[in-house]
Amino acid sequence: MTLTVTDLAIARGGVPVIEGLSFALEPGRALILRGPNGAGKTTLLRTLAGLQPPLSGRIEGAEDRIAYAGHSDGLKPTLSVTENLRFWASVFGGRDIGPALTAFHLDDLADRHAGNLSAGQKRRLGLSRLLVTGRPIWMLDEPTVSLDREAVAMFAAAVRAHLGQGGSALIATHIDLGLEGEVLDVGPYKARPSLDSDFDGGFL
Amino acid sequence: MIALLKRDLVLALRAGGGFGLGLAFFLIVTVLVPFSVGPQSALLASIAPGVLWLGALLACLLSLDRLLALDWEDGTLDLLATAPLPLESVVTIKALAHWLTTGLPLVLAAPVLGVLLNLPGPGFLWLVVSLALGTPALSVIGTFGAALTVGLKRGGLLLSLLVLPLYMPTLIYGAEVARRGAEGMTLATPLMMLAGISAAVIALLPFASAAVLRVNLR
């Protein structure tokens with residue numbers, strides 16, 4: 001099923017950041033989000049993931065189909081790698097965590113506490129969570145932060161495998177992942193400050 | 001849901017999880033009261049139910065600011081909000097885990113500490129009954145307060161100010177059950193009020209907690 005966004009307007013902290021955005025994300029495709037800092041990439045991903053309501057516009061085909069990975073990985077430092085992953089697997093319906101561990105080369109670290117992992121290893125564990133969710137649409141916000149080149153390749157391979165199985169991905173990133181996907185620059189959709197704002201209308 | 005409960009219990013028991021914090025506070029308060037009041041066994045016996053209830057309530061309050069804040073800081077709440085689990089059940093499980101790690105140990109420790117305060121014999125049963133009925137309400141109300149203040153840095157003070165008035169009815173009726181029990185009076189009315197308050201907050205507040213949590217996650 002295609003994720004369709006029509007004439008979307010979103011706000012961060014009450015200030016509109018993007019308006020008039022429309023796109024469609026078909027199964028098997030990846031969409032790379034680009035845009036300068038503060039353009040609203042994170043806000044867009046959070047809105048699509050259902051964490052905040054849009055100002056206006058329609059989002060179709062997103063309900064319960066999105067696996068969201070934000071800036072923080074939601075790891076518990078006192079739980080081991082396996083325990084962290086198994087928790088998310090059972091929240092999302094009890095998938096086997098073996099393939100996820102292998103895809104991100106975490107097998108050797110399986111019994112280590114997440115608090116003892118390096119930043120890149122934590123990130124890999126956070127991304128491996130996507131594989132156990134079984135959700136078709138991945139929403140990734142700067143997924144390659146603190147990953148080394150090898151791990152970026154690992155991640156790109158995981159995304160490619162996901163796309164190959166009919167999944168889709170929306171990725172906000174500034175580096176080239178080597179994925180064949182359209183690029184969506186959110187810069188042109190920057191919300192204009194509205195002239196007919198009636199902010200002070202109530203005081204007059 | 002079971003997985004979330006299990007994870008919260010494991011986290012509480014692991015290093016730095018805060019299990020025993022409330023219990024230790026409860027212990028310290030009730031051990032220190034006889035020293036500060038002085039060795040007057042009659043006076044201690046008459047204030048024992050109130051002191052034990054107040055100690056249990058403050059011990060509950062102590063661990064509330066960690067209840068949701070930790071999950072919010074490391075992004076777990078965002079991920080849980082996008083998971084198939086409804087937020088209503090997330091906050092209910094969180095409250096249940098808080099009760100199991102804070103409220104239940106208090107209920108079990110209260111009779112032992114009652115001895116230190118010279119609680120009269122018939123009071124022990126009703127102290128345990130009133131705490132067992134009242135502490136779940138404290139956990140559920142506390143989860144609501146934690147959900148209200150989840151995005152705030154150093155929200156602990158605001159949390160206490162918001163939650164304490166909501167704790168008042170539970171404290172009044174709970175301590176009243178324990179006091180009447182200790183003095184051998186009839187206690188059906190405060191007992192029913194206490195049970196009613198607990199039943200009502202457990203039934204209604206998870207929905208309010210989930211609603212404010214959704215607003216705070218935006």
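Reader: Over residues 187-213 of chain B, how much of the chain is helix, how much is strand, and how far apart are the end C-alpha atoms?

Author: Please keep in mind that this is a predicted model. Over residues 187-213 of chain B the chain is 96% helix and 0% strand, with the end C-alpha atoms 38 Å apart.

Reader: Which residues of chain B does UniProt list under "transmembrane region"?

Author: The unreviewed UniProt entry lists residues 12-37, 43-64, 96-117, 123-150, 157-175 and 187-213 of chain B under that name, and such annotations may be inferred rather than shown by experiment.

Reader: Which residue of β4(A) is the bridge partner of Thr6(A)?

Author: The partner is Arg58(A), and it belongs to a pairing in which β1(A) and strand β4 (residues 56-60) of chain A lie in the antiparallel sense over four bridges.

Reader: How should I read a salt bridge, and how many does a search of the whole structure find?

Author: Side chains of opposite charge can pair when their charged atoms come close. Over all chains, the search finds 15 salt bridges. One of them is formed by Arg29(A) and Glu182(A), whose closest N and O atoms are 3.0 Å apart. This pair links distant parts of the chain, as Arg29(A) is in the loop between β2 and β3 of chain A while Glu182(A) is in strand β8, 153 residues apart.

Reader: How many residues of chain A and of chain B are in contact, and how much area is buried between the chains?

Author: In this model, 24 residues of chain A are in contact with 22 residues of chain B. The area buried between them is about 2000 Å², and carbon and sulfur atoms give 63% of that. On the side of chain A, Leu51(A), Lys76(A) and Phe87(A) lose the most area to chain B, together 28% of what that side buries.

Reader: How many salt bridges and polar contacts are found between chain A and chain B?

Author: Across the interface there are four salt bridges, including the one between Arg46(A) and Asp78(B), whose closest N and O atoms are 2.9 Å apart. The count of residue pairs in polar contact is eight. The largest share of the side of chain A that touches chain B, five residues, comes from α2(A), and the residues of that side divide into 11 nonpolar, seven polar and six charged.

Methods
Residues are numbered from 1 along each chain as its sequence is written. Chains are lettered from A and ligands numbered from 1 in the order in which they are written. This is a predicted model: local features need pLDDT of at least 70, side-chain atom pairs count only at pLDDT 80 or more; totals for chains, interfaces and linings use all residues. Side-chain values use heavy atoms; hydrogens and water are left out. Helices (H or I, at least four residues) and strands (E, at least two) are DSSP runs, numbered from the N terminus. Contact means heavy atoms within 4.5 Å. Buried area is the accessible area (1.4 Å probe) that two parts lose on being put together, summed over both. A salt bridge is a side-chain nitrogen of Lys or Arg within 4 Å of a carboxyl oxygen of Asp or Glu. A polar contact is a pair of N or O atoms within 3.5 Å; within protein, one must be able to donate a hydrogen and the other to accept it, and residues adjacent in sequence count only if both atoms are side-chain atoms. Ala, Val, Leu, Ile, Met, Phe, Trp, Tyr, Cys and Pro count as nonpolar, Asp, Glu, Lys and Arg as charged, and the others, Gly among them, as polar. Two strands pair if DSSP finds at least two bridges between them.
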